[in-house]
Amino acid sequence: MSTEARKPPPQIALKIRRILGGKAGWNGVAVQFAFAAILGWISYEIVSNARANLENQHIAAGFGFLRNNAGFDVNQTLISYTGSDTFLRVFVVGLLNTLVVSVVGIVFATLIGFIVALCRLSPNWLLSRVGEIYVELIRNLPLLFQILFWYLAVLAALPNPRQSISLFGIAFISNRGLVVPSPIGERGLEPFLAMLALGIVAALVLRFYARRALFQEGRMIRIWPYVLGLLFGLPLAAMLVFGLPFTFELPQLKGFNFAGGARIIPEFVALTLALSTYTAAFIAEIVRAGILSVHSGQMEAGASLGLSRGATLRLIVVPQAMRVIVPPLTNQYLNLTKNSSLAVAIGYPDLVSVFAGTSLSQTGQAIEIIAMTMGIYLLISLLTSAVMSVYGWRVSRSLGA
Amino acid sequence: MKRVTLALTLALAAGLSAQAADAQTLKTVKDRGMLSCGVSQGLPGFSSPDDKGNWTGLDVDVCRAIAGAIFNDATKVKFVPLSAKDRFTALQSGEIDVLSRNTTWTISRDTSLGANFTGVTYYDGQGFMVKKSLKVNSALELNSASVCVQTGTTTEQNLADYFKANNMKYEVIAFGTNDETVKAYEAGRCDVFTTDQSGLYANRLKIANPNDHMVLPEIISKEPLGPMVRHGDDQWFDIVKWTLFAMITAEELGVTSKNVDEKAKLENPELKRVLGADGNFGEQLGLTKDWVVRIVKTVGNYGEVFDRNVGAGSPLAINRGLNNLWNKGGLQYAPPIR
């Protein structure tokens with residue numbers, strides 16, 4: 001007769017009871033389910049009632065409009081778009097425009113923010129005053145005014161296309177934006193890109209190897225000459241074998257405007273400038289707080305090891321400060337993304353402008369369109385915050401905290 | 001922000017009210033003691049506030065006429081300035097009783113918004129304005145131009161159609177409000193500013209040197225502008241519709257704000273019918289017998305309103321053109337009051 005080990009009691013049921021019911025046990029679970037059911041019923045009633053009422057009033061409802069032709073044009077599109085495309089495509093075009101201004105804005109805001117914070121913390125009197133004035137000036141003015149200011153300042157400073165400022169005859173600046181030569185793919189493009197990708201991967205592998213050698217065996221390996229060789233040498237070799245990867249199409253003045261070439265519109269420049277300088281003022285304060293939160297003894301310890309001030313900051317202080325910096329920094333990134341919806345004031349075709357604005361008034365379907373727009377902003381924000389949480393978690397883990 | 005609030009109000013109104021189709025606009029207006037009228041955020045000649053905050057304009061006078069018919073008091077109107085994008089939502093959600101905001105009558109707006117157009121207060125068409133220094137004399141010379149336009153208007157679609165039909169390229173920059181659009185045009189961001197032709201003349205007055213700019217001769221669309229009301233209240237629809245007809249009829253019969261009292265005393269059968277001495281048309285509308293007298297005393301007849309706001313008596317000095325009476329070569333025509 002064999003004896004079997006007794007199985008532990010089923011844990012799942014107990015877990016559910018503990019999570020949902022708390023101290024109230026199974027009664028608590030019942031209450032929670034009843035509550036969820038009531039919530040569900042209320043939302044069902046709201047939706048079905050809204051549908052019925054909209055129908056009674058002959059207001060068009062549903063998402064069928066997304067397949068209709070939009071019939072209007074947009075002046076910055078990252079994917080091909082014409083007036084005969086659908087409202088769904090307008091949605092994607094607007095979303096991409098919002099994303100591009102947010103991402104570029106976040107990068108610049110972070111850079112400017114860190115620089116201003118370091119200025120404010122600098123022992124140099126002039127630098128720290130400049131940093132202080134920047135922060136106090138920028139963060140105390142309403143963002144909308146700053147956007148309008150940059151837009152009108154940018155426009156006022158620039159000449160019309162016929163008198164545009166020429167940069168060596170290949171790029172032109174005017175109040176229609178910056179026109180640069182646009183690359184056109186040639187026969188050698190694919191091998192070139194493949195070699196570039198290979199170079200990047202190889203450089204990353206080298207870096208991984210070098211760091212392991214440093215942390216586990218204490219050996220310093222100098223890798224940067226190899227990295228440079230990989231990143232530039234491989235694509236260059238491909239170019240020599242397969243020919244030029246792309247040629248440039250030069251912009252030319254035709255009629256009122258430049259034809260050919262790629263263009264950065266002044267609305268984009270003004271919006272990015274305003275958003276990044278504005279958010280940078282807040283980021284600077286967050287970074288300053290983070291750095292000040294690291295005990296001053298750390299600075300002294302770095303100095304006593306013979307590290308320079310810059311190296312101490314980079315290797316010792318900033319990594320510890322990041323733990324404090326990341327959560328409020330995430331807030332600022334979210335703010336920047338949400339603030340980009342002020343774009344409509346200067347005619348930048350972001351999601352709110354082309355979809356929640358133009359499309360809404362062309363179709364009149366306010367509920368659907370505003371719901372979609374709010375949904376996508378929520379999604380962007382949640383994704384940003386998820387990425388930042390992962391980053392924050394990695395920072396904490398690497399510090400062993 | 002306002003748009004989100006409006007959409008939420010609409011969602012709540014649609015979702016929570018058991019009977020959203022409100023068939024009692026007249027009663028609501030009377031109980032409130034005030035007509036709520038949606039107008040533009042400032043378009044000289046049609047609806048714009050002066051330096052004391054008093055609203056004037058053709059669209060404004062339509063609302064004042066309705067208030068005159070109901071309350072016999074032109075001041076009992078609350079004007080709600082709305083951007084092109086917000087206007088329909090404001091009407092649907094019940095924030096305003098009537099939308100009188102240079103709005104083009106189209107089939108999609110008439111059928112999908114849960115609202116009705118009540119008539120045409122101004123026959124307009126889309127045009128283009130350019131700087132004289134560009135030396136352009138026709139819209140067909142506008143290939144590759146940058147065009148400033150207000151977002152959420154029929155203008156945007158007409159523009160796309162026109163340039164496509166004529167095989168021309170263009171760049172569109174769309175702004176949220178009329179003022180932002182004009183400012184960007186003035187700052188040189190675009191070569192062309194486009195909107196309804198009446199709006200071009202009106203906006204030209206806002207520009208620093210109006211004489212440096214010209215309106216091109218082409219009219220590329222039909223833009224009949226008129227007031228809108230919500231579906232589901234036929235009585236209110238009739239009141240707004242017949243207020244305009246009353247103004248047109250008054251002009252046709254030569255009844256003006258100055259001579260209306262004398263005309264009412266005349267033994268002319270048509271005048272007696274229209275001015276309320278005979279029949280009970282006003283009461284059938286839910287108003288009073290002397291409704292036309294009230295309207296004419298409040299704002300004047302259609303011709304007076306036109307002249308004062310956009311015509312010869314105003315800085316805009318627009319010709320009557322299509323907006324003249326039907327028997328004077330125009331399109332303004334009211335069904336008979338009988």
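Ser36(B) stands opposite Lys78(B), a residue of strand β4(B). This is a predicted model, in which local features need pLDDT of at least 70 and side-chain atom pairs count only at pLDDT 80 or more, while totals for chains, interfaces and linings use all residues. Residues are numbered from 1 along each chain as its sequence is written, and chains are lettered from A and ligands numbered from 1 in the order in which they are written.

The pairing of strand β1(B) with β4(B), residues 77-81, is parallel and runs over 5 bridges. Strands here are DSSP runs (E, at least two residues), numbered from the N terminus, and two of them pair if DSSP finds at least two bridges between them. Strand β1(B) also pairs in the parallel sense with β5(B), residues 98-99, over 2 bridges; there, Gly38(B) stands opposite Leu99(B).

How enclosed is β1(B) by the rest of the structure? Of its 5 residues, 35-39, 4 are buried, so the strand is largely enclosed. A residue is buried if 20 or more other C-beta atoms lie within 10 Å of its own, with C-beta atoms placed from the backbone.

A hairpin through 2 residues joins β2(A) to β3(A), and Ile173(A) has Leu178(A) as its bridge partner in β3(A). Strand β3(A) pairs with β8(A), residues 262-264, as well, again antiparallel and over 3 bridges. In that pairing, Val180(A) stands opposite Ala262(A). In a regular strand, side chains alternate between the two faces of the sheet.

Technical notes: Buried ≥ 20, exposed ≤ 12 C-beta atoms within 10 Å, placed from the backbone.
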